Amino acid sequence: MCLGFNIVGGVDQPYLENDNGIFVSKIKEDGAAGLDGRLQEGDKILAINGVKLKDLMHRATVDLFRTAGEDVELSVLKFPHLTNGPTGPQPEHTPSASSLGLLAALAGAAAFFAFIYMRHLKKHF
């Protein structure tokens, strides 16, 4: 099952100027996150299972998602005004094949953990 969201950010790959946090960059409408409706593009993920994501590198965050276990709890800060990336001029970047592979792996991991997160939320209803 597809969790249906992607994340961006980290100390080494800041998503917003002056903020190295982890953000939801895309929600797939027919994925678990999109169907649930609570997680939105632009939301900042503050913690995974109580582990704060402050000042982490992107890869370390991906590793936390991968090792989070079956039930995942996310702490999220809502930013409804931020959608589909930062505003203002951005540097030109052509992704390499390894960057695209990493993004694909991250998207898969994010999808898996969003599914687990949604399962966890449904247990509390």
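Which residues does threonine 61 touch, not counting residues up to four places away in sequence? Here are some notes on that and on the chain around it.

1. Before the details, please keep in mind that this is a predicted model: local features need pLDDT of at least 70, side-chain atom pairs count only at pLDDT 80 or more, and totals for chains, interfaces and linings use all residues. Residues are numbered from 1 along each chain as its sequence is written, and side-chain values use heavy atoms, with hydrogens and water left out.

2. To the opening question: threonine 61 touches Ile7, Ile22, Ile48, Leu53 and Leu56, where contact means heavy atoms within 4.5 Å. Threonine 61 counts as buried because its relative accessibility is 0%; buried means under 20% relative accessible area (1.4 Å probe, protein chains only).

3. Threonine 61 sits in helix α2, residues 58-66. Helices (H or I, at least four residues) and strands (E, at least two) are DSSP runs, numbered from the N terminus. The buried residues of α2 are His58, Thr61, Val62 and Phe65. They fall within an arc of 100 degrees seen down the axis of α2, so they line one face of the helix; the arc is that of the directions from the helix axis to the C-beta atoms.

4. Stepping back, the chain has 3 helices and 5 strands, in the order β-β-α-β-β-α-β-α along the sequence.

5. Of the chain's 125 residues, 38% count as buried. Among contacts between residues at least 6 apart in sequence, 63% join residues at least 24 apart.

How values were computed. Buried means under 20% relative accessible area, exposed over 50%, partly exposed in between (1.4 Å probe, protein chains only).
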